[in-house]
Amino acid sequence: EDVTCQLCDRVMEDLMEATEDVQDIPCSIICFRMKRCVDMCEGLKEVQESAQEFPCVSAGYCPAPDDDEYAVERGGDNVDGVPECRMNNFQCGPASHCQRVMKGLRLRCELKPGIKKWVQMRRHALGSAVAVASAMMTWPHCSEENGAETQFCIADPRGYAYVAHLITMFLVFGVGVYRSLKALMTPGSDDDAQCLTFWLVVAVLSSIEG
């Protein structure tokens, strides 16, 4: 299992180093046509876009930190959903995410290369999204005083656009409330989680537009 996890981290490192879209990267070149590696690479490409955790964990190639005995007993706090690496009695844990490296004359415990690049890319994407949202929130509406004098302003809906706006509000709040109430009255938590995600997205977009 540890060998599979290490191979997965190496594949993720190669995928993260590519400059083009991950889906366009040929796994046969990365893996030198080794079938086991190619199959793993294709599996990672399928889950990486929707994975909420390290793709190697989502795809089942690495154990989840909560399933790692070392992580449960000695693991540190989570940072960006990734456990903090800690050294204890020359053991580095959790082993699924961390490795021992020699820095000068000292042994250090740090994230493996693949997951480190994944965390850096996710932080960069989040920072870009926050920057765009902040910029949109500071843009004035064209109807505001001096708003139309700026180079860019947000136009208020008029005519057909206003009708489309009303229809959108009906679909969001009318249908959304109906589906949410229906989800609450059915057993299981999957549909409840989907509704919660929906309303969180609506709240964020409404804040940006406002």
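In this predicted model, Phe 32 is placed in the loop between α2 (27-30) and α3 (35-47). Its backbone carries a positive phi, near 55°, in a residue other than glycine. Most residues other than glycine have a negative phi. The relative accessible area of Phe 32 is 70%, and because exposure is assigned over 50%, Phe 32 is classed as exposed. Arg 33 likewise belongs to the loop between α2 and α3. Although Arg 33 is not a glycine, its phi is positive, at about 65°. With a relative accessible area of 70%, Arg 33 is also exposed.

The structure contains 6 disulfides, and three of them are described here, beginning with the bond that joins Cys 5 to Cys 62 at an S to S distance of 2.0 Å. The torsion about this S-S bond, between Cys 5 and Cys 62, is about 105°, and the disulfide is therefore right-handed. The pair connects distant parts of the chain, 57 residues apart: Cys 5 lies in helix α1 (residues 2-17), whereas Cys 62 lies in the loop between α4 (55-58) and α5 (69-74). Cys 5 has a relative accessibility of 2% and counts as buried. Cys 62, with a relative accessible area of 4%, is buried as well. Both assignments follow because a residue is counted as buried under 20% relative accessible area.

A further disulfide is formed between Cys 8 and Cys 56, with an S to S distance of 2.0 Å. The torsion about the S-S bond of Cys 8 and Cys 56 is -100°, and the link is left-handed. Distant parts of the chain are again linked, since Cys 8 is found in helix α1 and Cys 56 in helix α4, 48 residues apart. Cys 8 is buried at 0% relative accessibility, and Cys 56 is likewise buried at 0%.

Cys 27 is joined to Cys 41, with an S to S distance of 2.1 Å. Because Cys 27 lies in helix α2 and Cys 41 in helix α3, the pair ties together parts that are 14 residues apart in sequence. A torsion of about -70° about the S-S bond of Cys 27 and Cys 41 makes this disulfide left-handed. The relative accessible area of Cys 27 is 1%, which places Cys 27 among the buried residues. Cys 41 is buried too, with a relative accessible area of 0%.

Key: Residues numbered from 1 in each chain as written. Predicted model: local features only at pLDDT ≥ 70, side-chain atom pairs only at ≥ 80, totals over all residues. Heavy atoms only, no water. Helix = DSSP H or I, 4+ residues; strand = E, 2+ residues; numbered from the N terminus. Buried < 20%, exposed > 50% of the residue type's maximum accessible area, 1.4 Å probe, protein only. Disulfide = S-S within 2.5 Å.
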